[in-house]
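Okay, thanks for coming, everyone.

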Amino acid sequence: MKLCAPFVVLLALTALAATSGPPRAAIDAAKWPSLQAALDALPAAGGKVVLPPGDFELIEPLRLSRENTFVEGAGPATHLINKNTNGLPAFVIAPADAATNKKARLWRVQLGNFRVTGNPQSGDGIRAELVQEIFIHGLSVERHGGHGINLVNCYENPRIAHCNITYNGQAGLNLTNCHDIVVNANQFEENLDAVRCADSFNLTMNGNNVDDHLRHGVIIENTYGSVLSGNMIEECNGIAIILDRDCYGITLSANVIAHHLGGGIDLRDAWGCAISANTFTLVHSNSITVGPASGRLTITGNHFCNSYIGGKDRRPAESKHPMGRDAGSGILLDGTSDIIITGNSFSGLEGEPVRRTNKCQRIVVNNNAVVDVNRNAAREKPSAAVKPNIIIILTDDQGYGDLGCHGNPVLKTPQLDKLHAESIRFTDFHVAPMCTPTRGQLLTGRDALVNGASSVCSGRTFVRRDVPTMAELFAGAGYQTGLFGKWHLGDNYPHRPNDRGFHESVYHLSWGITSTPDHWNNDYFDDFFRHNGEVKQFKGYCTDVFFNEAQRWMKSCASAGKPFFCYLTPNAPHGPFWVADRYKKPYKHLPPDVAGFFGMMANLDENVGRLEAMLRQSGLRENTILIFMGDNGGTGGISVFNAGLRGAKASLYDGGHRAPWFLRWPAGKLRPAGDVPELTQAQDVLPTLLELCGVKPRHRVRFDGVSLAPLLRGQPQPVLAERKLVVQYGGLTESDPVKWDAAVLHRNWRLVHGRELYDILADPSQQTDVAAQHPDLARALRAHYEKWWAAAAPGLRQYETMDIGSQQENLAVLTSIDWLAPKLTPASQPFDIRLLGQTLVKEGSLPGGRPQPVMNGFWNVRVVRDGMYRISLRRWPREADAPLAGSVSAYKGVDGSFPEGKALPIASARLCVGRFDGRVPVRSADTEAVFETRLRAGKTRLQTWFYDAQGRELCGAFYVTVERR
């Protein structure tokens, strides 16, 4: 009998089914008690699992360990919601025996058509490991703390297509140790980075839209034989495409690369690559940067342009970032070799079409079209004869981990991340564990116990008068000097900013807004600050005000043709953590203080972006040294992330004093951006800047730090390998600081309190004391400290004073923040009576009604001239206008509030100063207790007391005004 063709086919299919093994399942997950149960029901041979529509909350990851499997949903109607807050993924695909079987693999897994969302504390959205021929398509993956999709050791043929991958805390797509990869037609938006591909080969990435990323677009490391073509990569805060760590044989072609704040393509370590037919537009930095570790490249047929065309800006500046006229340029060649640049067009660029730094060899540049470029040359002509400007941004209480570029999984700092990417970063840089000691060390180059400013209060907040400051040295060299923000090196003459070298100053008093000396009821919004010593109200949020005033002043200096040193020191993110709600909103899921802290950082980051825009638009960027750093260890954010460090603010472990320190100077002919691991400290900054700027002080100046200029210029500095540094602060009682209350730093070693030894290379979190294993090293570090202490100790009893009766500040206001008083320990809980600020003043006693000892202490003062003095004692500041014995109303601020001030039964007041010891009665309506006495010139102590009707001491006067009649 003759068989027809369809019957033959049917017989063939029947035979195939009979010989192909056990049947594969088709599972409707709606019929199972859970999605995990449905996945577990798959036979070893695999099959298909159909996920029904609906919202499915996950506390533990879904796990798939079957190959030959397709998991398919109903599009975005199938919604997997990762509720885990311990860093776990939503969906894990891996062999069941991956932990025990080195050869374990899954083959042919397909995921399609569902939505996966997470939270900032969750891990990856999809994590696949040891899966071959994985195919992921049609997924929406968003808002995870980790990567959106993370493929690890998926060697064979991974493919990701038609997915929407957005708002993830790390990369949208992370590929590690994969090959023959296809990534096409996906949408990546507002992840930290869009795509990261490392230790892989044969990546094909085309037809993707990469938009608005918080850091970079595409990062490729140790990958070869790849092509990126036809992608739209737009508006990343960092760099569009980075090739790093041994990339070769990669073609970047026909991509549109638009409006990236950090640059277009950065070839950091790329060989044998071609960059062709790309369009670079709205350029804010270098379109292409070729680093010294790259070479043998062809750059051809690209178009480099900007929006300023035909005398008109096609994309005018916006409030957040300048969109059009900026410092963008074409190609930067930095110490590279064997480059062909041909057939490109350059038009409408503010910068140069091709620029070289450091020695470049065998460069061919021909047949390029160049029109209307280098238009900023007339505005920016930095040269060796032109002194560079200096900006130091010093944040308050920001820890090493409070930056996205340092790995924080929650906090977003795109502008600071961009600055980090452009800067030379000192990764083992140390300050003091508290703010005043750091600020004194930074501005003098001397150790805190030597320069005098060793504590945040207790009469040790002042730099010794014979120690010159950075402002004084640069002012003497013809610089204009300005301070904007926090000073905290003295509120009274002769320690105010304008007394110590600053021409211009806008600042709050003491440790922060709401501290005892600060203007009453300042709440971060529309506050009263000192402008060159005079009280003035400024409209706006505090950090915005300080950045606005700094930028106004810098532009005025530039207009006058004068170089400037700008010391920009916002109180952010120091507590209280008050900020507009729109900055806190992304962090509302966190505890209120953490959300406020991160919100303050977000506002600060935005201001750094505004500053950067001003520098570009004004032509100041190229010849300005910009430094970013913190003043001590972390505070409000350490519960989320502390970069693996032990300790926080006030700690002698690295978490208390390791700080970020970035430096950028585009015109400075420095080494390329990158990390510098040498042990360095705040005391190094001043001698470094003096050398970089060619400033030679008129008189011999001694420093405890060293100039880092050789390192910044790419030269070795072997002496740093042998240096030993001491971190110590203190001064909370007359006997403090005490011997051995310190850390000694040497290479990777830390000696803490003279007895604990840690190797931070092997143990970065300082958990294992190895002093017993390295006795000789511990002895050597102790010996170094003994020598250091012997030199510092003799000056510790020499207190700096505040002046009264001077012409410069005849009406002096002393506050309790500067009492020399013992550290009190009520209820076995350490508590310093000087630090709580206005809240403590309103209590009138220790917080929570704690018992005695009373709050009191004395001031060290210097009477400048003999004469009759009027001395007024107040419990409340003058602007509060309240009776000594009365209360003050509660105050509701924009974000925070102050409690009601409690009444105290003050019946009399006493003053003791010099030879005078007097007492006066206090009536119920009195706002001050006034004494008049003759004082002789010279150093003395001034102390006050308030008593009740029975003669019991209540407290000292929190505010005292002194005026020579």
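Let's start with the aromatics: F474, Y479, W487, F502, F565 and Y567 form one aromatic cluster. Before I go on, keep in mind that this is a predicted model.

Across the structure, the count comes to 34 aromatic pairs. Let me pick out one of these: the ring centres of Y785 and W789 are 6.1 Å apart with the planes at 25°, so this pair counts as stacked. As background, an α-helix has 3.6 residues a turn, so residues three or four places apart point the same way.

R646 has its charged end over the ring of Y653, 3.7 Å from the ring centre. Then there's R658, whose charged end sits over the ring of Y400, at 4.0 Å from the centre.

On to helix packing. As a reminder, two packed helices are described by the angle between their axes and the distance between the axes. The pair I'd like you to find is helix α7, residues 542-559, and helix α9, residues 592-618. Their axes are 10 Å apart and the packing angle is about 15°. The cut-off for roughly parallel is under 35 degrees, and α7 and α9 therefore count as roughly parallel to each other. The crossing of α7 past α9 is right-handed.

Another helix to look at is α11, residues 685-692. Seven of its eight residues are buried, so α11 is largely enclosed by the rest of the structure. Which ones are buried? They are V685, L686, P687, T688, L689, L690 and L692. Just after α11 you'll find G694, which takes a positive phi of about 65°.

Next, a spot where sequence and space tell separate stories. I393 is in strand β43, residues 389-395, and I393 is buried, with 0% relative accessible area. Now look for F662: I393 and F662 are 269 residues apart in sequence, yet their C-alphas are 9.9 Å apart in space.

Last topic, backbone geometry. The background here is that most residues other than glycine have a negative phi, and most peptide bonds are trans. Let's take the peptide bonds before the phi values.

Y493 and P494 are joined by a cis peptide bond, with omega of about 10°. You'll find P494 in the loop between β45 (480-486) and β46 (504-508). Another cis peptide bond joins G575 and P576, and there omega is about 0°. P576 lies in the loop between β49 (564-569) and α8 (581-584).

And the phi values. N202 is not a glycine, but its phi is positive, about 60°. N202 lies in strand β21, residues 193-206, and it is partly exposed, with a relative accessible area of 28%. Then there's R362, also a residue other than glycine, with a positive phi near 55°. R362 is in strand β41, residues 361-366. Is R362 buried or exposed? At 53% relative accessibility, R362 counts as exposed.

That's my tour, so let's go to questions.

Definitions and conventions:
Residues are numbered from 1 along each chain as its sequence is written. This is a predicted model: local features need pLDDT of at least 70, side-chain atom pairs count only at pLDDT 80 or more; totals for chains, interfaces and linings use all residues. Side-chain values use heavy atoms; hydrogens and water are left out. Rings of Phe, Tyr and Trp (its six-membered ring) pair if their centres lie within 6.5 Å; planes under 30 degrees apart count as stacked, over 60 as edge-to-face and the rest as tilted. A charge sits over a ring if NZ of Lys or CZ of Arg is within 6 Å of the ring centre and within 35 degrees of the ring normal. Axes are lines fitted to C-alpha atoms, for helices over the stretch in contact, and angles run from 0 to 180 degrees between N-to-C directions. Helices (H or I, at least four residues) and strands (E, at least two) are DSSP runs, numbered from the N terminus. Angles under 35 degrees count as roughly parallel, over 145 as roughly antiparallel, 65 to 115 as roughly perpendicular and the rest as oblique. A crossing is left-handed if the near helix is turned anticlockwise from the far one by less than a right angle, and right-handed if clockwise. Buried means under 20% relative accessible area, exposed over 50%, partly exposed in between (1.4 Å probe, protein chains only).
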